[in-house]
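Please read the notes below with the model open. They go point by point.

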Amino acid sequence: MPFISLRVRPDRTYHGYADDNTAVTEDIANSQFVEKVIAIDRILSITEDYIYLTTTHGRAQIWSYEGSLSAVKDRLAAAGLLVI
């Protein structure tokens, strides 16, 4: 299973949807960037500002990451994990 190492900090967790179809979210404030080794198969998408990940119990998390989208794409492409 391939992994990528990034400096990240959690921003928000999506727990699902309420009866009225609104998202149930939890903001995570004042967290610090830490180095994490992330399984590639947990990544849903990556934007210029955030990485979206699957978590347990059908949840999804949004994390900020240090660096640029271009640098992450280059690393994934060099490992053969991104088709450009």
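**Notes on the model**

1. Start with E66. At 36% relative accessibility, E66 counts as partly exposed. The classes used here are buried (under 20% relative accessible area), exposed (over 50%) and partly exposed in between, with a 1.4 Å probe and protein chains only. This is a predicted model, in which local features need pLDDT of at least 70, side-chain atom pairs count only at pLDDT 80 or more, and totals for chains, interfaces and linings use all residues. Residues are numbered from 1 along each chain as its sequence is written, and side-chain values use heavy atoms, with hydrogens and water left out.

2. E66 has a charged partner. R7 forms a salt bridge with E66, and their closest N and O atoms are 2.7 Å apart. R7 sits in strand β1 and E66 in the loop between β6 and α1, so the pair links distant parts of the chain, 59 residues apart. R7 counts as partly exposed, at 33% relative accessibility. A salt bridge here is a side-chain nitrogen of Lys or Arg within 4 Å of a carboxyl oxygen of Asp or Glu. Helices (H or I, at least four residues) and strands (E, at least two) are DSSP runs, numbered from the N terminus.

3. How many salt bridges does the rule give? The count comes to two. In the other, D27 pairs with R12, with the closest N and O atoms 2.9 Å apart. D27 lies in strand β2 (residues 23-27) and R12 in strand β1, so the pair ties together parts that are 15 residues apart in sequence. D27 counts as exposed, at 56% relative accessibility. R12 is partly exposed, with a relative accessible area of 31%.

4. Next, strand β6. Five of its six residues are buried, so β6 is mostly covered. Six bridges join β1 to β6, and the two run antiparallel. Five bridges join β5 to β6, also antiparallel. Strands pair if DSSP finds at least two bridges between them.

5. Look at Q61 in β6. Q61 is the bridge partner of T13. Q61 is also the bridge partner of L53. The side chain of Q61 makes a polar contact with the side chain of T13 (3.2 Å) and another with the side chain of W63 (2.9 Å). A polar contact is a pair of N or O atoms within 3.5 Å; within protein, one must be able to donate a hydrogen and the other to accept it, and residues adjacent in sequence count only if both atoms are side-chain atoms.

6. T13 lies in strand β1. T13 is buried, with a relative accessible area of 5%. Leaving aside neighbours within four places in sequence, its contacts (heavy atoms within 4.5 Å) include V24, T25, I28 and R59.

7. W63 lies in strand β6. Buried or exposed? At 7% relative accessibility, W63 counts as buried. Leaving aside neighbours within four places in sequence, W63 is in contact with V8, R9, P10, D11, K36, I38, D49, Y50, I51 and L53. W63 and L53 are 10 residues apart in sequence and 7.9 Å apart in space, C-alpha to C-alpha.

8. Now the core. The largest nonpolar core has 13 residues. Those with the most contacts inside it are I4, L6, V8, I38, I43 and I51. At least two residues of this core come from each of β1, β5 (50-54), β6 and α1. A nonpolar core is a set of buried Ala, Val, Leu, Ile, Met, Phe, Trp, Tyr and Cys residues joined through side-chain atoms within 4.5 Å. I43 touches I4, I38, I51, Y52 and L53, not counting residues up to four places away in sequence.

9. In helix α1 (residues 69-78), L69, V72 and L76 are buried. They cover an arc of only 65° around the axis, which puts them on the same side of α1. The arc is that of the directions from the helix axis to the C-beta atoms. The buried residues of α1 pack against β1 (3-17), β4 (43-46) and β6 (60-65).

10. Last, check the backbone. N21 is not a glycine, yet has a positive phi of about 70°. N21 is placed in the loop between β1 and β2. N21 is exposed, with a relative accessible area of 61%. H57, also not a glycine, has a positive phi of about 60°. The hairpin of β5 and β6, where H57 is found, has five residues between the strands. At 70% relative accessibility, H57 counts as exposed.
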